[in-house]
Amino acid sequence: MIYALAAIGALTIAVLMWKAFGPQVATPRTRRAPVAPDDDPDFLRKIAEEQRKNQRPTEDD
């Protein structure tokens with residue numbers, strides 16, 4: 001029985017050591033989408049265009 005517990009303990013330590021010091025797998029970093037609307041360049045461009053359109057003088061002035 002003690003040999004079984006020792007084997008399980010050694011296996012557990014071996015797995016933990018492998019995870020800590022084993023070969024590192026490089027995960028590709030993908031560009032994330034903007035989180036908030038004010039981080040989105042298309043949204044900001046659209047807002048700027050709307051502001052420019054609203055600031056134009058009209059014929060009634």
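This is a predicted model: local features need pLDDT of at least 70, side-chain atom pairs count only at pLDDT 80 or more; totals for chains, interfaces and linings use all residues.
Residues are numbered from 1 along each chain as its sequence is written, and side-chain values use heavy atoms, with hydrogens and water left out.

The protein chain contains 2 helices and 0 strands, these elements being DSSP runs numbered from the N terminus (H or I of at least four residues for helices, E of at least two for strands). Of its 61 residues, 2% count as buried, where buried denotes under 20% relative accessible area, exposed over 50% and partly exposed the range in between, for a 1.4 Å probe and protein chains only. The accessible surface of the protein chain amounts to about 6500 Å², with 60% of it belonging to carbon and sulfur atoms; these areas come from the Shrake-Rupley method with a 1.4 Å probe, and for residues only the protein chains shown count as cover.

Helix α1 comprises 20 residues (residues 2–21), and its end C-alpha atoms lie 28 Å apart, in agreement with the 28 Å that it should span, the expected span being 1.5 Å times one less than the number of residues. The number of buried residues among the 20 of α1 is 0, so this helix lies largely in the open. Ile 13, which is found in helix α1, is exposed with a relative accessible area of 54%. Together with Met 17 and Phe 21, Ile 13 forms a nonpolar surface patch with about 370 Å² of accessible area; patches are made of residues with over 30% relative accessible area and no salt bridge, like charges being joined within 9 Å and nonpolar side chains (Val, Leu, Ile, Met, Phe, Trp, Tyr) within 5 Å.

With a salt bridge defined as a side-chain nitrogen of Lys or Arg within 4 Å of a carboxyl oxygen of Asp or Glu, the count comes to 2. Asp 42 pairs with Arg 45, their closest N and O atoms being 3.9 Å apart, and both residues lie in helix α2 (residues 41–55), 3 residues apart, or about one turn of the helix. Arg 45 also forms a salt bridge with Glu 49, at 3.3 Å between the closest N and O atoms, and these two residues, 4 residues apart in helix α2, are likewise separated by about one helical turn. Arg 45 counts as partly exposed at 44% relative accessibility, as does Glu 49 at 38%.
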